Amino acid sequence: MFSVKDWVDTRKWRNWAGNVNGIPTQSLLPHDTKQLSNLIWNIQKQHKTIRVTGAAHSFSPIAKPDDIAISLHNMRGLIDINRDTGEATFWAGTYLFEIGPILAQFGFALANMGDIHEQTIAGAIGTGTHGTGVTLGSLSSQVVMWGIVDGLGNYHEHTRGDDDLSKALHISLGLLGVLVKVTIKTVPLYSLKCQTIHYTFDEANKVWDMMIREHRHVEWFYFPGTERIQVKIMDQIPIVEQSKKSKTVEDLKNNVIENGLLYIVSEVCKRQPKATRWVSNLASKSVPTGVKQGLSYEIFPSPRKVKFLEMEYAIPLEKFHDCMEEIHFTLKSHPFKVHFPIECRITRGENGFLSPTQDRESAFIAFHMYKGMDEKDYFRWVQTLMRKYNGRPHWGKMNHLTKVHILELYPNYPLFLQLREKYDPENIFVTDYFKKLIE
């Protein structure tokens, strides 16, 4: 979680996983749009670069500051809500965990969320953060208006339409400007019933197509090399808050089993990599099953206290079975020292220029490695595999994209670059990481 004290007291910056580090020359905390605009105007005249670092939850260097680091921590909260349309405008520095309780006071909720809620809404939108549900989109898809400060310090508001700028802002990576306010299309407040079930790999494969159409949310956790899948199903139910007993039980599961035990066995695997096969089998049998229910924002997130590295790719949904069969076939021989589960989710297609779905129903497959263990061979295999299935990496996860790769995967990337040049003519948002993506 972001700490103002750490931000002020240290010149060093690092992301949550600790795999990306930076030493900004300045760390700034603007309080409003006018102050931010003035900062950007002065910085661009000095030919320096800016990165808004959010909550530092990206695994790629997308938020790494080379010169000036900016946090929107002081630009948070609800600005306005239209009770008739359900459109809510937030300051873009608002953290996801703050949004659910705020909206609930007015009888509204986000249509969908991921399972981590530490990010800022700006960071989540800028990278295409998503949950799961074949009829549902990413957080970026819920935006109806963006308010940005461009590379010259000018403020712009843009309402979503079928125009090129909307498609570029959909997932903009912070390259068109600093997102300072955002209007979200919310839905009436709702609750979820979450069921966690164990299936064999073959059983889960047989019911996948039916399951993702019959349930609001479906998520798989495949334990590498094992025959067991943890399936998580969530469906909408009449409004009910999570009970104190349920919260206590969930806290116990999360802190003792899913985080405490995972940390212990992960440390064992780090010291004795040969133990990963045994640990993967143990984990597949030990993950708790059960049912819980509560308001959507209470049920969506899961605490992630054990640090890891992650790659995630979107593939066309129709390729999912073949891809998982190949993953299972390969990992049964345990060629890689990995014990973290592979997470599988789905979303509807989105037409943003940089959306990994490219307007097609997609399966997102996420691969993890415990921080401190050698991920190179495993992630190299993942990259090769995903190329075979036309996979596009999540922008906030580890990847090896270059401009050549992006042009192959995103046919409208040249249009995005044209707009980027218009809104950032001095390249104030182009850090070293982005140079290889646009030059």
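Glu-98 is buried (under 20% relative accessible area, with exposed over 50% and partly exposed in between; 1.4 Å probe, protein chains only), at a relative accessible area of 18%. This is a predicted model, in which local features need pLDDT of at least 70, side-chain atom pairs count only at pLDDT 80 or more, and totals for chains, interfaces and linings use all residues. Residues are numbered from 1 along each chain as its sequence is written, and side-chain values use heavy atoms, leaving out hydrogens and water.

**Salt bridges**

- The whole structure holds 16 salt bridges (a side-chain nitrogen of Lys or Arg within 4 Å of a carboxyl oxygen of Asp or Glu).
- Glu-98 pairs with Arg-76, with the closest N and O atoms 2.5 Å apart.
- Arg-76 is partly exposed, at 31% relative accessible area.
- Arg-304 and Asp-115 form a salt bridge with closest N and O atoms 3.0 Å apart.
- Their loops are 189 residues apart in sequence, so the pair ties these parts together.
- Asp-115 is buried at 10% relative accessibility, whereas Arg-304 is partly exposed at 27%.

**Salt-bridge network**

- Glu-310, Glu-312, Glu-343, Arg-345 and Lys-397 are linked in a network of salt bridges.
- Within this group, Lys-397 bridges Glu-312 at 2.8 Å between the closest N and O atoms.
- Both partners are buried: Lys-397 has 10% relative accessibility and Glu-312 has 0%.

**Negative patch**

- Asp-202, Glu-203, Glu-227, Asp-322 and Glu-325 form a surface patch of negative charge (residues with over 30% relative accessible area and no salt bridge, like charges joined within 9 Å).
- Asp-322 is exposed, with 52% relative accessibility.

Note on methods:
Patch = residues over 30% accessible without salt bridge, like charges linked within 9 Å, V, L, I, M, F, W, Y side chains within 5 Å. Areas by Shrake-Rupley, 256 points an atom, 1.4 Å probe, with all protein chains shown as cover. Lys, Arg positive; Asp, Glu negative; His and termini not counted. Charge placed at Lys NZ, Arg CZ, Asp CG, Glu CD. Helix = DSSP H or I, 4+ residues; strand = E, 2+ residues; numbered from the N terminus.
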